Structure formats: structure tokens, C-alpha cells
Amino acid sequence: MEIKVSTLSENTALHGYIGEYGLSLFVEADGKRILFDTGLSFSAYHNAQIMGIDLTSIDCIVLSHGHLDHTGGLAETLHRIGRETEVIAHPDVFEPRYALRDGQTQERFIGMPCSKEELENHGARFTLSKEPVHITRYIMTTGEIPMLTEYEKVESNLLVKAGEKFTPDKIADDLSLIINTEFGLVVFTGCGHRGIVNILNHARKLTASNSIYAVIGGIHLFRASEERIQMTIAEFRTRGVNKLGVCHCTGFYASAKIAEAFPKEFFLNNAGNHFALP
Ligand SMILES: [Fe+2]
Ligand SMILES: [Fe+2]
């Protein structure tokens with residue numbers, strides 16, 4: 001199987017593209033065209049145009065989780081597609097998400113900016129499932145990720161609002177996209193809030209495949225402990241990962257550590273980047 005990936009939106013950008021904090025990947029594989037996340041605002045559809053990618057031809061959209069930097073571009077993308085489009089996500093994707101940043105006293109909204117009804121009016125046809133959803137025999141979402149490792153925790157400043165109270169957000173809607181190929185699993189993550197080792201373990205369990213060929217996307221290590229970064233690197237080594245296009249919320253320090261550990265496998269996956277696997 002050949003997989004083509006175009007990075008439509010990421011924090012940083014190649015010359016001629018717009019960088020914007022968030023993520024959006026356009027994935028072509030097994031006869032399908034999948035939009036994985038939609039970026040924070042206009043960068044994904046703007047950059048897609050410059051890359052010559054026609055988003056009206058996509059088969060479905062997969063949302064990794066409800067954070068604004070992955071879903072903010074959804075309404076306008078649907079509007080531009082101009083027809084009914086399947087949107088696959090976890091049922092908790094619409095939860096009211098907030099973050100309390102360092103030095104701030106007021107929680108800031110970071111959830112989906114549009115309601116389910118508004119998005120349906122733009123053409124979204126939601127498939128909401130906690131369980132894995134198959135797009136083809138070889139392409140599936142992970143569904144909800146069990147959190148089993150000791151060292152992977154959701155950041156404590158990420159919150160969900162229930163009534164007037166803020167409680168820690170477990171980000172149960174965090175899901176990844178898996179392609180099961182003859183050369184190993186290709187795993188696309190949004191922020192990987194539930195922990196990339198948990199995600200890879202779950203992907204392996206779901207597919208009964210042991211080898212991970214590639215990890216592409218955000219793996220939220222930007223404030224992770226040294227232990228978590230080292231355990232992540234050890235897991236990539238154990239799995240013999242061949243391509244590491246980790247970006248977005250991976251953060252500079254963890255990215256540098258991963259690049260140092262995997263000089264041939266690591267690459268900067270910024271907006272405007274286009275690559276094929278294997
Ligand atoms: Fe993110
Ligand atoms: Fe996130």
C-alpha cells in the first residue's frame with residue numbers, strides 16, 4: 001500500500017504556506033482521501049489550495065479530539081466542500097473545554113467553536129463512537145484510548161466545564177487514525193493527550209500487529225517529564241519505528257531529543273510538507 005500525506009496545517013510552515021498553532025493532515029491511502037483534523041482557523045483550507053489539494057474530493061473527516069486548534073477550521077471547510085460529509089469523532093468531542101495557562105487566573109475556552117447543529121447545517125454527518133470506526137478494511141480510528149502507563153498523564157491545566165465548575169479533563173475523545181499496512185502500522189495522532197505509548201499499545205492490540213512503521217502528528221510532550229520523554233523514545237526503539245513526523249504539541253525540547261535519538265527517522269512535519277510512505 002502507498003500512503004500519501006500532505007500536512008495542511010501545523011505550528012510552523014514551509015516557504016509560501018501559513019503556519020498556525022494546530023494540526024491538519026490530508027491522507028490518501030487504500031482508495032480513500034481523509035482529512036485528519038482541520039487546524040485552528042483558515043490555514044488548512046488556505047494551504048490546501050496552494051498545495052493543489054481539492055478538499056471537495058474528500059471521503060470523510062476524522063477529528064482527533066475537540067480542542068480548538070484541531071477543529072476551528074471545520075465549519076468553513078464543510079461550507080467550502082458544499083455537500084454532506086461524514087465526520088468521525090468520539091461522542092465527547094463537543095464537551096466544553098478550557099485551559100488555565102501559567103500566570104493566568106481566568107480559564108480560557110479551547111473547545112469546539114461550533115455546536116453539533118451548526119456543523120450539521122454546514123453538511124456534517126457525524127459518526128460518533130467510543131469504539132474504533134473502520135473506514136476501509138485497513139484504515140480505522142482507535143476509538144477511546146485506555147490510559148495504562150504510569151508515566152503518561154493528561155496535563156492538569158486542561159479542564160472541562162460542568163455547570164459552573166471546572167474539573168480536570170481526561171480528554172476521553174482523544175483518538176488516532178491507524179493504517180494497517182504490510183510494512184507495519186502508520187499512526188496519525190492529533191495531540192496524543194492520552195499518551196503516545198498508550199496509543200501505540202492500543203493500536204497494536206486492535207490490529208494484532210506488532211510493528212509500528214510511522215508516527216505522524218502531535219504527541220504532546222511539550223511539558224512532559226524527562227522520564228516520559230525517555231520512555232517514549234525507548235518505545236519507539238522497541239517498535240523499530242521508521243518514520244517520526246512528530247510535530248505540533250510535541251514541543252521543541254522533546255522533538256530535539258527524539259531527533260537526536262532517531263536522526264534518520266525524524267523529520268520536521270510542518271505545513272506545506274508532502275511525503276509518501278513507505
Ligand atoms: Fe493541539
Ligand atoms: Fe489538544
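This is a predicted model: local features need pLDDT of at least 70, side-chain atom pairs count only at pLDDT 80 or more; totals for chains, interfaces and linings use all residues.
View 1. Helix 5 itself runs over residues 196-207, and its 12 residues reach 16 Å from the first C-alpha to the last. That is close to the 16 Å expected at 1.5 Å a residue.

View 2. How many of the 12 residues of helix 5 are buried? The count is 9, so the helix is mostly covered. Among the buried ones you'll find Ile 196, Val 197, Ile 199 and Leu 200, and the list also includes Asn 198, His 202 and Arg 204. The cover over these buried residues includes strand 9 (139-141), strand 12 (177-181) and strand 13. Strand 14 (212-218) and helix 6 (226-239) are also part of that cover.

**View 3. The iron ion (ligand 1) and its four protein donors.** Here Asp 69 (OD), His 70 (NE2), Cys 191 (SG) and His 248 (NE2) hold the iron ion (ligand 1), lying 2.1 to 2.3 Å from it. The angles among these 4 donor atoms go from 85 to 161 degrees, and the site is irregular. Read along the chain, the donors of this ion follow the spacing D-H-x120-C-x56-H. His 70 belongs to helix 2 (residues 68-71), while His 248 is in the loop between strand 15 (243-247) and helix 7 (252-261), so this pair ties together parts that are 178 residues apart in sequence. Both His 70 and His 248 are buried.

View 4. Which residues give the protein donors of the iron ion (ligand 2)? They are His 65 (NE2), His 67 (ND1), Cys 191 (SG) and His 193 (NE2), at 2.1 to 2.6 Å from the ion. This site is irregular too, with angles of 89 to 173 degrees among its 4 donor atoms. The spacing of its donors along the chain is H-x1-H-x123-C-x1-H. His 67 sits in the loop between strand 4 (60-62) and helix 2, and Cys 191 in the loop between strand 13 and helix 5, so to speak linking distant parts of the chain, 124 residues apart. His 67 and Cys 191 are both buried.

View 5. The whole structure has 7 aromatic pairs, and two of them are picked out here. The rings of Phe 36 and Phe 188 have centres 6.5 Å apart and planes at 55 degrees, so this pair is tilted. Phe 36 is in strand 3 (residues 32-36) and Phe 188 in strand 13 (residues 184-189), so they tie together parts 152 residues apart in sequence. Phe 36 and Phe 188 are both buried. For Phe 94 and Phe 126, the ring centres are 5.3 Å apart and the planes meet at 75 degrees, so this pair is edge-to-face. Phe 94, at 24% relative accessibility, counts as partly exposed, whereas Phe 126, at 15%, counts as buried.

**View 6. A ring cluster, and a charge over a ring.** Ring pairs join Tyr 98, Phe 109 and Phe 166 into a cluster. In another spot to look at, the charged end of Arg 237 sits over the ring of Phe 262, 4.9 Å from the ring's centre.

Definitions and conventions
Residues are numbered from 1 along each chain as its sequence is written. Chains are lettered from A and ligands numbered from 1 in the order in which they are written. Side-chain values use heavy atoms; hydrogens and water are left out. Donors are N, O and S atoms within 2.8 Å of the metal (3.2 Å for Na, K and Ca); water is not among the atoms, so sites may look incomplete. Four donors count as tetrahedral if all angles lie between 85 and 135 degrees; four count as square planar and six as octahedral if opposite donors are over 155 degrees apart and all others between 65 and 115; anything else is irregular. Helices (H or I, at least four residues) and strands (E, at least two) are DSSP runs, numbered from the N terminus. Buried means under 20% relative accessible area, exposed over 50%, partly exposed in between (1.4 Å probe, protein chains only). Rings of Phe, Tyr and Trp (its six-membered ring) pair if their centres lie within 6.5 Å; planes under 30 degrees apart count as stacked, over 60 as edge-to-face and the rest as tilted. A charge sits over a ring if NZ of Lys or CZ of Arg is within 6 Å of the ring centre and within 35 degrees of the ring normal. The expected span of a helix is 1.5 Å times one less than its number of residues. Contact means heavy atoms within 4.5 Å.
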